[in-house]
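Here are my comments on the structure you sent over. They are set out as numbered points, for reading beside the coordinates.

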Amino acid sequence: QVQLVESGGGLVQAGGSLRLSCAASGGTFSTLILGWFRQAPGKEREFVAGIRWSVITDYADSVKGRFTVSRDNAKKAVYLQMNSLKPEDTAVYYCAAGRGSRVASQYDYWGQGTQVTVSS
């Protein structure tokens with residue numbers, strides 16, 4: 001069983017930056033495939049970024065070049081650095097762990113989510 005807790009969300013102006021963190025407990029962290037998803041009101045949950053091992057990363061086209069995912073296996077943490085934020089990035093952001101891919105159903109464990117609001 002893996003528990004995930006996100007932090008770092010908040011309110012930021014367009015063009016600003018935020019760094020989300022996700023702390024994990026349980027499981028063998030270094031072997032987990034980790035992902036970030038987001039869900040805006042009235043929309044489906046969508047893939048944002050994923051990381052396996054420490055070097056293989058994947059990004060949604062909408063965030064490529066602006067967001068960076070990273071992990072620290074020693075701290076059992078995964079991060080999402082978000083730069084050049086846009087109002088359309090406003091959503092609840094979730095950390096997830098599981099079998100990978102861009103499909104939410106492939107992830108078995110989820111955090112509670114953290115709100116990111118970008119004002120124009």
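**Notes on the predicted model**

1. Gln3 has its place in strand E1. Please keep in mind throughout that this is a predicted model. Gln3 is partly exposed, its relative accessible area being 38%; that value lies between the limits of under 20% for buried and over 50% for exposed.

2. Setting aside neighbours within four places in sequence, the contacts of Gln3 are Ala23, Ala24, Ser25 and Gly26. For Gln3 and Gly27, which are 24 residues apart along the chain, the C-alpha atoms are separated by 8.5 Å.

3. Strand E1 belongs to an open sheet of four strands, in the order E1-E3-E8-E7 and with antiparallel pairing. Strand E1 (3-7) and strand E7 (67-72) are at the edges; each has a single partner strand, so one side of each has no neighbour in the sheet. From one strand to the next, the twist averages 15 degrees.

4. The pairing of E1 with E3 is antiparallel and runs over five bridges. Within this pairing, Val5 has Ala23 in E3 as its bridge partner.

5. How long is the S to S distance between Cys22 and Cys95? The value is 2.2 Å, and the cut-off for a disulfide is 2.5 Å. A search of the whole structure finds one disulfide.

6. The link of Cys22 and Cys95 is left-handed, with -80 degrees about the S-S bond. In general terms, a disulfide is a covalent bond between the sulfur atoms of two cysteines.

7. Are the two cysteines buried or exposed? Cys22 has a relative accessible area of 1% and is therefore buried. Cys95 is buried as well, with a relative accessible area of 0%.

8. Thr114 is found in strand E11 (residues 114-119). Thr114 counts as buried because its relative accessible area is 11%, and the limit for buried is under 20%.

9. Which backbone atom does the side chain of Thr114 reach? The side chain of Thr114 comes to 3.2 Å from the backbone nitrogen of Gly9. Apart from neighbours within four places in sequence, Thr114 is in contact with Glu6, Ser7, Gly8, Gly9, Leu20, Ala91, Val92 and Tyr93.

Technical notes
Residues numbered from 1 in each chain as written. Predicted model: local features only at pLDDT ≥ 70, side-chain atom pairs only at ≥ 80, totals over all residues. Heavy atoms only, no water. Buried < 20%, exposed > 50% of the residue type's maximum accessible area, 1.4 Å probe, protein only. Pairing = 2+ DSSP bridges. Helix = DSSP H or I, 4+ residues; strand = E, 2+ residues; numbered from the N terminus. Axes fitted to C-alpha atoms, helices over the stretch in contact; angles between N-to-C directions. Contact = heavy atoms within 4.5 Å. Polar contact = N/O pair within 3.5 Å; in protein donor to acceptor, adjacent residues only side chain to side chain.
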